[in-house]
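Biologist: I'm new to reading structures, so please pick one part of this one and take a close look at it with me. Then lead me on from there, step by step.

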Amino acid sequence: MIDDFANPLPRRNSVGVSVGNVMVGGGAPIVVQSMTNTDTADADSTVAQVAALARAGSEVVRITVDRAEAAAQVPRIKERLERIGVNVPLVGDFHYIGHKLLNDYPDCAAALDKYRINPGNVGFKAKRDTQFSQIIDIALKHDKPVRIGVNWGSLDQELLTKLMDENAESEAPVSASAVMREAIIQSGLLSAERAEALGMGRDKIILSAKVSQVQDLIAVYADLARRCDYALHLGLTEAGMGTKGIVSSAASMGILLQQGIGDTIRVSLTPEPGGDRTREVQVAQELLQVMGFRAFVPIVAACPGCGRTTSTVFQELAGDIQDHIRASMPSWREQYPGVENLNVAVMGCIVNGPGESKHADIGISLPGTGETPSAPVFVDGEKVTTLRGEGIADEFKQMVLEYIEKRYGSDPKSNSDAA
Ligand code: SF4
């Protein structure tokens with residue numbers, strides 16, 4: 001019985017879409033993506049940030065293409081990234097004049113791996129359908145997929161008004177927020193149907209329907225998932241800063257992923273001024289990893305500490321190891337295939353320390369307050385040594401590195417010894 005609750009529901013069937021060399025949906029692993037916040041016309045900054053996001057693990061990166069100067073730089077940005085070995089698919093984010101930019105800058109249209117279209121601001125009234133069609137025609141010509149990305153902040157007002165009017169006349173009217181959610185869903189589905197009518201295959205269409213409230217996001221995507229089989233891009237818009245943005249994104253997307261919904265995710269965090277943009281990639285990876293969908297970086301399990309841990313050794317060691325692992329991952333991915341599955345435990349005292357450490361690949365149980373100043377180390381469930389004295393932290397870090405080398409290094413003899 002308990003097993004029934006220990007696994008997510010099967011992934012929803014969706015039509016796979018190739019975005020450059022990355023498959024989204026169709027049973028492919030859930031893709032992590034992110035977006036730059038540089039001015040795309042500033043190629044130097046954009047190349048640097050796309051490269052940083054890709055090296056942090058973003059598998060698709062979106063850039064703003066808002067004006068001619070930005071569109072002109074896109075092919076150069078792509079070339080420069082390729083020259084430094086960054087082959088991450090690039091998505092162009094278009095609003096209002098996307099049809100014109102893609103038409104006037106065919107090299108930009110060719111360089112991008114996907115176009116993001118927001119049906120709420122692709123154009124107004126009679127122009128809307130024409131401009132939408134122009135973007136789809138260009139995508140077809142260049143054989144590119146599109147994301148039809150509805151956002152509640154720029155929702156198609158004509159559609160919303162029509163649904164509000166119908167609701168007002170209905171015998172059983174629903175709440176205004178339910179109408180708004182329906183308008184978001186219909187906006188995405190109607191645009192996707194229009195793209196299909198223009199000749200675009202379902203294998204070229206990804207849908208998203210972003211809102212800023214957790215419960216709305218869950219309701220919108222649960223309904224959208226039932227009503228179509230397009231690949232779905234999950235994300236909470238305006239998630240916010242710091243812990244609020246992380247918690248909101250994790251709560252909403254975690255519930256949807258658990259229901260088998262979502263083929264690619266983006267965590268939209270508002271960075272602190274001067275903050276690191278790659279944080280959103282880290283959060284997205286950790287969400288997928290802690291839920292058991294994918295492994296990106298070795299996990300360091302650390303107890304929260306309590307009154308039994310009055311020294312800072314334990315926090316410092318857990319933090320040091322986690323930082324060292326994350327900083328080393330870009331090279332370790334090549335050097336130590338499979339290292340992302342490693343589990344390290346750093347525990348603060350004897351209460352749970354040995355038990356948790358035994359379950360990790362390598363774990364240490366540090367001495368709590370009043371305990372003998374010794375730290376048993378467990379490797380693959382067996383106690384292998386007890387560290388003592390001032391150098392416990394450094395010695396344990398060295399043991400972790402040796403374990404990684406032995407288990408995941410290229411020497412097949414060493415690997416089999418550690419298996
Ligand atoms: S393992 Fe020890 S130090 Fe860590 S939270 Fe539990 S009792 Fe406290």
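Modeller: Let's start with the shell around the ligand, whose residues divide into four nonpolar, four polar and one charged. Here Ala, Val, Leu, Ile, Met, Phe, Trp, Tyr, Cys and Pro count as nonpolar, Asp, Glu, Lys and Arg as charged, and the others, Gly among them, as polar. Surrounding the ligand (a heavy atom within 4 Å) are Cys303, Gly305, Cys306, Arg308, Thr309, Gly348, Cys349, Val351 and Asn352. The model is predicted, so local features need pLDDT of at least 70 and side-chain atom pairs pLDDT 80 or more, while totals for chains, interfaces and linings use all residues. Numbering starts from 1 along each chain as its sequence is written, and side-chain values use heavy atoms, without hydrogens or water.

Now for the strands. An open sheet is formed by five of them, in the order S11-S12-S13-S14-S15, with mixed pairing. Strands (E, at least two residues) and helices (H or I, at least four) are DSSP runs, numbered from the N terminus, and two strands pair when DSSP finds at least two bridges between them. At the edges lie S11 (299–302) and S15 (382–388), each pairing on one side only. From one strand to the next, the twist averages 15°. Inside this sheet, S12 (residues 343–347) runs parallel to its partner S13 (residues 362–365), and four bridges join them.

Elsewhere you can trace a barrel, closed by eight strands in the order S3-S4-S5-S6-S7-S8-S9-S10 with parallel pairing. Between S9 (residues 231–234) and S10 (residues 264–265) there are two bridges in the parallel sense; histidine 233 has threonine 264 of S10 as its bridge partner. Finally, look for helix H10 (residues 279–290), lying across S3 (31–35) and S10 and running at about 160° to S3.

How values were computed: Axes fitted to C-alpha atoms, helices over the stretch in contact; angles between N-to-C directions. Contact = heavy atoms within 4.5 Å.
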